[in-house]
Amino acid sequence: MLMNENKSVENKLSEEPNNLRYIITMTFIVLLLIVWSATSVNFKGLEENSSVIGMRIIKGIINPDLAFLFDFSSAGVPYLLFETVSIAFLGTIIGAILAVPFAFISSTKIMPRPIAYIGRLLTMAVRTIPSLVYGLMFIRVSGPGPFTGVLTMAVISIGMVTKLYINAIEDLDTDIIDSLSSMGLTRFGQIRYGILPQLYSSFISIVIYRFDMNLRDASVLGLVGAGGIGAPLIFAMNAYRWNEVGSLLIGLVILVLLVETFSNKVRTKLARG
């Protein structure tokens, strides 16, 4: 009996496909792409004193300006961080609310396929434009400031949040929808009493995840004048005030760690019910 089992295992091993040619081919293609990409990198821009400049940057970052870090005025790091959080939070909430109708319109379980495909195409179009492009466009409309950052965060949140909403809707149990339909409820009633109760926890988890991303994007959007910590950061870098750069980065790292820890706990609790 044991001998028959050993032979069966040997037969299975002999039947295993030989992937050596595939592995060698893929390795060669990847190495070829790496070499081809490296040829496009230009190292002529490196100056002779680049190492000196790099050491100054590191020295400034590890020796932050503590007075600037603990300055609670409107020009200090705490206020700039609070403004960044406010931009990310409001933008996330507005984008998450606007994404709900987009998600239901784009779901094949809720709407006919032609309408759902049109909704998905619109969502894809919104998602393909980078956040900096939206920021530059909204600056022309509303001028530089936090309001521009909120508008930008809201628009860029719609694309990704809608996609994740759609995935959550597609995993729904549709039997309850059929039951409510047989009871004579309208489409809105089916969504209100049969779909939304199943989606609350998933939607909240998605919104928290998007808020984590928007918090980082809000810092970058400040570079184009959309409020937050980004503008003071680029100004300090352009003026070679690396101590201030260190203060801003330390504050930003602490903020991101706190928000991520809190959001992970909330998402874990939602996942466990």
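User: At what angle do H6 and H8 pack?

Analyst: The model is a predicted one. In it, the axes of H6 and H8 lie 8 Å apart. The angle at which these two helices pack is about 140°.

User: Are H6 and H8 oblique or roughly antiparallel to each other?

Analyst: The packing angle of H6 and H8 is about 140°. Only angles over 145 degrees count as roughly antiparallel. H6 and H8 are therefore oblique.

User: Is the crossing of H6 and H8 left-handed or right-handed, and how many charged residues does their contact hold?

Analyst: H6 passes H8 in a left-handed crossing. On the H6 side, the contact is made by Arg-120, Thr-123, Val-126 and Arg-127, which meet residues of H8 including Lys-163, Ile-166 and Glu-170. By class, the contact of H6 with H8 has four nonpolar and three polar residues, and the number of charged residues is four.

User: Which residues line the largest pocket, and which elements give two or more residues to that lining?

Analyst: About 150 Å³ of space lies in the largest pocket. Its lining consists of Arg-120, Thr-123, Met-124, Arg-127, Lys-163, Ile-166, Asn-167 and Glu-170. The elements that give two or more residues to this lining are helix H6 (113–128) and helix H8 (146–170).

User: How many residues in the lining of the largest pocket are charged?

Analyst: Arg-120, Arg-127, Lys-163 and Glu-170 are among the lining residues, and Arg, Lys and Glu count as charged. Two nonpolar and two polar residues also belong to the lining, and the number of charged residues is four.

User: How do the axes of H5 and H8 cross, and how many charged residues are in the contact of these helices?

Analyst: The axes of helix H5 (residues 77–105) and H8 come within 6 Å and cross at roughly 40°. That makes H5 oblique to H8, and the crossing is right-handed. The contact of H5 with H8 divides into 20 nonpolar residues, six polar and, for the charged class, one.

User: Which residues of H8 does H7 meet, and how many nonpolar residues does the contact contain?

Analyst: Helix H7 (residues 131–142) packs on H8 at about 135°, with the axes 9 Å apart, and the two helices are therefore oblique to each other. Their crossing is right-handed. Ser-131, Tyr-134, Gly-135, Phe-138, Ile-139 and Ser-142 in H7 meet Phe-147, Thr-148, Leu-151, Thr-152, Val-155 and Ile-156 in H8. This contact has no charged residues and five polar ones, and the number of nonpolar residues is seven.

Note on methods. Residues are numbered from 1 along each chain as its sequence is written. This is a predicted model: local features need pLDDT of at least 70, side-chain atom pairs count only at pLDDT 80 or more; totals for chains, interfaces and linings use all residues. Side-chain values use heavy atoms; hydrogens and water are left out. On a 1 Å grid over the protein atoms alone, a cavity is a set of points where a 1.4 Å probe fits but cannot get out, and a pocket is an open set with protein on both sides within 12 Å along at least five of seven lines; lining residues have an atom within 4 Å of a point. Grid points are joined across faces, edges and corners, and a volume is the space filled by probe spheres set on the points. Helices (H or I, at least four residues) and strands (E, at least two) are DSSP runs, numbered from the N terminus. Axes are lines fitted to C-alpha atoms, for helices over the stretch in contact, and angles run from 0 to 180 degrees between N-to-C directions. Angles under 35 degrees count as roughly parallel, over 145 as roughly antiparallel, 65 to 115 as roughly perpendicular and the rest as oblique. A crossing is left-handed if the near helix is turned anticlockwise from the far one by less than a right angle, and right-handed if clockwise. Contact means heavy atoms within 4.5 Å.
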